[in-house]
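Please read these notes with the model open beside you. They go from the whole chain down to single residues.

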Amino acid sequence: MGRMVRSCLQSLLKLVNSIIGMVGIAMILYSLWMLRIWHQNLVHSSSYGIPETHAPWFMYTFLGLGITLCFITCTGYIAVETINGHCLSCYMVFVFLLFLFEAGIIADIFINKDWEEDFPEDPTGKFNEFKNFVRTNFEMCKWVGLVVLVAQALSIFLAMILRAVGPHPRRDYDSDDDYTPARLPLLKNHAPQPQFGVEPHMAPMIDPWSSRSH
């Protein structure tokens, strides 16, 4: 029963963790596309002698968030497979810090009317395009954000339960048929040979010179 519960918890946590990973991959692809467009415009502008603009902070921030989400996803998969208490604790801390960061941004947007002034000016205009896209598709973006927040909360909750349940217990196998064939070749190959002993089919060696002397 315990093994089945652990397997179910591992499968659920992997499923929830994959949602976070897919969001991270989508953010990385979108930021790389924005950087590509910005680089092409920069090369085109420099050919006409137009001065270079400042670094696109929004693109790099978006890329950093996507890499962070993918890193947290990899950490979660390692923690789920090993069911290690330290790995699960680190995973829960990472997700909780990310959750606090997102909650702070959402609270600043809804409470502060002049929240746009808290961010530096984006010379590329991609930040304004992203805001217009969110405003145009507010319902879809709201549900996507809600799914991501619920996935993060469920990942913390499932990781806490899995950490409390603990890893699979080691048991002594009563039967030679349980996992013995997989370990038997290694035991045979690494078994120490006796230092002293005489094979029963081998006769003792007799020195011919000692018999002649007698």
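Predicted model: local features only at pLDDT ≥ 70, side-chain atom pairs only at ≥ 80, totals over all residues.

1. Residues are numbered from 1 along each chain as its sequence is written, and side-chain values use heavy atoms, with hydrogens and water left out.

2. Confidence is given as pLDDT, the predictor's confidence in each residue, from 0 to 100. The protein chain has a mean pLDDT of 75, and 71% of its residues reach 70 or more. Helix 2 has the highest confidence, at 89, and helix 6 (residues 180-189) the lowest, at a mean of 43. The pLDDT is below 50 over residues 172-191, a stretch with six contacts in the model beyond near neighbours in sequence.

3. The protein chain holds seven helices and zero strands. Both are DSSP runs, numbered from the N terminus: helices are H or I with at least four residues, strands are E with at least two. Of the 214 residues in the protein chain, 25% are buried. Buried means under 20% relative accessible area, exposed over 50%, and partly exposed in between, with a 1.4 Å probe and protein chains only.

4. Contact means heavy atoms within 4.5 Å. Among contacts in the protein chain with a separation of 6 or more, 79% are between residues 24 or more positions apart.

5. How do the axes of helix 3 and helix 5 cross? The axes of helix 3 (residues 85-111) and helix 5 (residues 138-165) come within 10 Å and cross at roughly 155°. Axes are lines fitted to C-alpha atoms, for helices over the stretch in contact, and angles run from 0 to 180 degrees between N-to-C directions. Helix 3 and helix 5 are therefore roughly antiparallel, the word for angles over 145 degrees. Residues of helix 3 in this contact include Leu88, Tyr91 and Phe99, and those of helix 5 include Leu149, Ile156 and Arg163.

6. Asn17 lies in helix 1 (residues 2-47). Asn17 counts as buried because its relative accessibility is 1%. Leaving aside neighbours within four places in sequence, Asn17 is in contact with Ile72, Thr73, Gly76, Tyr77 and Tyr91.

7. Tyr60 belongs to helix 2 (residues 57-82). Its relative accessibility is 45%, so Tyr60 counts as partly exposed. Tyr60 and Ile28 are 32 residues apart in sequence, and their C-alpha atoms are 9.7 Å apart in space.

Methods:
Parallel < 35°, antiparallel > 145°, perpendicular 65-115°, else oblique.
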